[in-house]
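Student: Could we go through this structure together, slowly? I would like to start with the inside and then move on to helices and charges.

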Amino acid sequence: MSRRMLSRIGSGLTVLALATTTVACTKKSDTTDTEAGGREPAQVKVALVPGGSHPYFQPWKDAGAAAKSELSLGDVTFNETAGWDQTKQNDVLKSLAAQGYNAFGVFGVSPDNINSTFEDLKRQGFAVGSLASCPAGANKADFCLSTDVEVAAYKGAKAAIDAMGGQGNLVHLTGNKVDSNTQRRIKGVEKAVAETGGKVVLVQSVTDIDKDLQSAQKAVADLLAAKGHQIQAIVNTAYNPAVASAEGVRQSKLPIKVIAIDDDPAVLDGLRGGSVAATVLQNPVGQARVGSYALMKLSGGCTISEPGVTIDSGSFVVTRDKLDGYEADRTATTEALRKKFDGDLLKCN
């Protein structure tokens with residue numbers, strides 16, 4: 001997922017707290033990685049650290065609190081004070097470690113540089129998960145639990161193509177252009193368009209408009225003023241553009257099909273009212289709750305069968321007729337993720 005990825009709402013997952021065997025904590029030299037291990041759940045203090053403040057991450061707060069209770073963890077904290085600056089995020093992580101936090105679920109500000117941060121945390125003996133976004137290269141965290149953003153964007157573009165009747169002009173609105181996840185989203189949209197054999201034209205992928213809602217609103221207003229009558233559909237793969245296009249198209253009354261992302265109230269209202277054709281939901285609650293569970297298990301002495309493995313946390317196309325059932329689907333996916341860790345990904349004595 002990209003640095004501006006997106007969602008709110010919780011899901012109900014019952015996670016069982018499993019006792020771990022106490023083993024002596026070992027520490028290697030400062031130049032080699034140290035495996036976290038031997039901590040009882042009550043000794044595990046999880047820090048969930050996004051790159052900065054963004055609506056997508058707000059469900060992590062309640063999900064972390066639920067994980068603390070269900071798993072009997074020592075603590076779970078949520079810290080979004082990094083301000084979208086990698087150096088500041090590194091300082092936040094150092095401060096949390098000094099406060100006794102020993103397991104970290106991190107959305108790295110810089111996909112290109114976050115691996116060095118992960119390696120530093122692991123050298124100190126901490127369990128580390130990359131949550132909601134994976135590094136640009138090989139993942140140096142223990143695991144990455146994130147939306148497969150290319151798949152999610154492909155699903156959104158396919159929904160847009162269906163909504164526009166399989167032909168016409170499509171515009172893609174997304175986030176930070178230099179982010180590797182944005183490039184993967186663009187690739188997913190382009191793949192869906194290519195499958196139409198020229199019946200659908202991707203007029204433009206508009207990037208760098210997810211900084212805040214005001215920036216997205218201006219971009220959407222400019223787009224509709226310049227090309228509104230030429231566009232049959234808009235697919236959004238970032239949160240703020242989705243909200244802005246849902247509201248902008250509704251106010252303009254143009255016959256443009258909008259495919260949103262996530263479940264902001266404006267998006268859900270648009271689905272109910274018909275100005276939004278569909279939205280692609282992600283699973284931030286699953287990332288935080290299952291991520292905390294996996295970090296607890298790693299802290300207790302388990303290991304990952306494939307270090308750095310990437311796991312898709314799920315994405316779901318929701319239309320008006322599916323509004324009443326999507327939360328159950330997310331809950332089921334979250335439970336399946338926990339079982340996947342237990343059955344396939346974790347090796348525990």
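This is a predicted model: local features need pLDDT of at least 70, side-chain atom pairs count only at pLDDT 80 or more; totals for chains, interfaces and linings use all residues.

Student: How many residues does the largest nonpolar core have, and which of them have the most contacts inside it?

Tutor: That core has 37 residues, and the ones with the most contacts inside it are V46, L48, F57, W60, F143, I311 and F341. Several helices and strands each supply at least two of its residues, including β1 (45-49), α1 (59-71), β12 (309-312) and α10 (326-345). The largest share, 8 residues, comes from α9.

Student: What does F341 touch?

Tutor: Leaving aside residues up to four places away in sequence, F341 touches F143, V290, A294, I304, I311 and L346. Apart from this core lies another one, which has 31 residues, with L223, I231, I234 and A246 among them.

Student: Okay, helices now. Which residues of α6 are buried?

Tutor: Helix α6, which runs over residues 213-227, has A216, A219, V220, L223 and L224 as its buried residues. They cover an arc of only 130 degrees around the axis, so they sit on the same side of α6. The face turned away from that buried side carries the exposed residues Q214, K218, A225 and A226.

Student: And what covers the buried residues?

Tutor: The cover includes β6 (168-173), β8 (233-236) and α7 (239-252). At the start of α6 there is also a contact in which a side-chain oxygen of D212 reaches to within 3.3 Å of the backbone nitrogen of Q214.

Student: What about α3, which residues are buried there?

Tutor: In α3, residues 114-123, the buried ones are I114, N115, T117, F118, L121 and K122. Seen down the axis they fall within an arc of 155 degrees, so they line one face of the helix. These buried residues pack against α2 (86-98), β3 (103-106) and β4, and just after α3, G125 takes a positive phi of about 90 degrees.

Student: Switching topic: where is M164, and is it buried or exposed?

Tutor: M164 lies in the loop between α4 (149-163) and β6, and it counts as buried because its relative accessibility is 11%, where the cut-off for buried is under 20%. Although M164 and A233 are 69 residues apart in sequence, their C-alpha atoms are 6.3 Å apart in space.

Student: Last topic, charges. How many salt bridges are there?

Tutor: The count comes to 13 salt bridges. One of them joins R330 and D263, whose closest N and O atoms are 2.8 Å apart. This pair links distant parts of the chain, with R330 in helix α10 and D263 in the loop between β9 (257-261) and α8 (265-273), 67 residues apart. Both R330 and D263 are buried.

Student: And where do D342 and R338 lie?

Tutor: Both lie in helix α10, 4 residues apart, which is about one turn of the helix, and their side chains meet in a salt bridge at 2.8 Å, N to O. D342 is partly exposed, with a relative accessible area of 32%, whereas R338 counts as buried at 10% relative accessibility. Elsewhere, salt bridges that share partners join D263, E327 and R330 into one network.

Note on methods
Residues are numbered from 1 along each chain as its sequence is written. Side-chain values use heavy atoms; hydrogens and water are left out. A nonpolar core is a set of buried Ala, Val, Leu, Ile, Met, Phe, Trp, Tyr and Cys residues joined through side-chain atoms within 4.5 Å. Buried means under 20% relative accessible area, exposed over 50%, partly exposed in between (1.4 Å probe, protein chains only). Contact means heavy atoms within 4.5 Å. The expected span of a helix is 1.5 Å times one less than its number of residues. The arc is that of the directions from the helix axis to the C-beta atoms. A polar contact is a pair of N or O atoms within 3.5 Å; within protein, one must be able to donate a hydrogen and the other to accept it, and residues adjacent in sequence count only if both atoms are side-chain atoms. A salt bridge is a side-chain nitrogen of Lys or Arg within 4 Å of a carboxyl oxygen of Asp or Glu.
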